Amino acid sequence: MRALRPAVLGSSLAYSGALYVAGLNAGILDVQSAYWVVTVGAVLLFSPLYHGFVLPWAAADGRPQGVGSAVLAVFPRLFLGQLLVGAGAVLGAVAFVVPGVYFGVRSVFYKQAIVLERAQIVPSVRASFA
């Protein structure tokens, strides 16, 4: 078993802290407060950056080369995938709670397919369902 890399742990703590700070004034579901936009925006922007950095780093035996350029290469697909999966989960939850939860759980691995296999958005969501 590989030891947890300090950079991965540090980036995970920074990601969690950024989402915590973004959600201090309002949560994602607190639409009565104008600050919920900040929370949703933080999730949409920080999640692709975080996963684009951490997934290649955690998958590599050593420090992967060009982590910054790798993040920039996959960021648009991660961002659009985040929108697609989030919309699917919300629409499923609006229709009936169970389809939203089902879609969200089944599509949990789409980010790994985008980052590690360089897959496109829809095929990565399909692969996550498989």
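A residue is called buried at under 20% relative accessible area, exposed at over 50% and partly exposed in between, with a 1.4 Å probe and protein chains only. The model is predicted: local features need pLDDT of at least 70, side-chain atom pairs count only at pLDDT 80 or more, and totals for chains, interfaces and linings use all residues. Residues are numbered from 1 along each chain as its sequence is written, and side-chain values use heavy atoms, with hydrogens and water left out.

**Figure 1. Overview of the helical chain.** The secondary structure comprises 6 helices and 0 strands, where helices (H or I, at least four residues) and strands (E, at least two) are DSSP runs numbered from the N terminus. Of the 130 residues, 34% count as buried. Contacts are heavy atoms within 4.5 Å; among those with a separation of 6 or more, residues 24 or more positions apart account for 59%. The average pLDDT, the predictor's confidence in each residue from 0 to 100, is 79 for the chain, and 84% of the residues score at least 70. Confidence is lowest in helix H2 (residues 36–59), with a mean of 78, and highest in helix H6 (residues 121–129), at 90.

Figure 2. Ser47 lies in helix H2 and counts as buried because its relative accessible area is 1%. Apart from neighbours within four places in sequence, Ser47 is in contact with Tyr15, Ala42, Gln82 and Lys111.

**Figure 3. The nonpolar cores.** A nonpolar core is a set of buried Ala, Val, Leu, Ile, Met, Phe, Trp, Tyr and Cys residues joined through side-chain atoms within 4.5 Å. The largest has 9 residues: Leu55, Val74, Leu78, Val85, Phe103, Tyr110, Ile114, Val115 and Val125. Helix H3 (67–95) and H5 each contribute at least two residues to this core. A second, separate core of 5 residues includes Val8, Tyr15, Tyr50 and Val54. In soluble globular proteins, nonpolar side chains tend to be buried together.

Figure 4. With neighbours within four places in sequence set aside, Leu78 is in contact with Pro48, His51, Gly52, Tyr110, Lys111, Ile114 and Val115. Val125 belongs to helix H6 and is buried, at a relative accessible area of 9%. Not counting residues up to four places away in sequence, Val125 touches Leu84, Val85, Phe103, Ser107 and Tyr110. The C-alpha atoms of Val125 and Gly81 are 8.0 Å apart, although these residues are 44 residues apart in sequence.

**Figure 5. Backbone at Arg118.** Arg118 is found in the loop between H5 and H6, just after H5. Its phi is positive, at about 55°, although Arg118 is not a glycine. Most residues other than glycine have a negative phi. Arg118 is partly exposed, with a relative accessible area of 43%.

**Figure 6. A nonpolar surface patch at Tyr20.** Tyr20, Val21 and Leu24 make a nonpolar patch of about 350 Å². Patch residues have over 30% relative accessible area and no salt bridge, and nonpolar side chains (Val, Leu, Ile, Met, Phe, Trp, Tyr) are joined within 5 Å, like charges within 9 Å. A salt bridge is a side-chain nitrogen of Lys or Arg within 4 Å of a carboxyl oxygen of Asp or Glu. Tyr20 lies in helix H1 (residues 6–22) and counts as exposed because its relative accessible area is 58%.

Note on methods. Accessible areas come from the Shrake-Rupley method with a 1.4 Å probe; for residues, only the protein chains shown count as cover.
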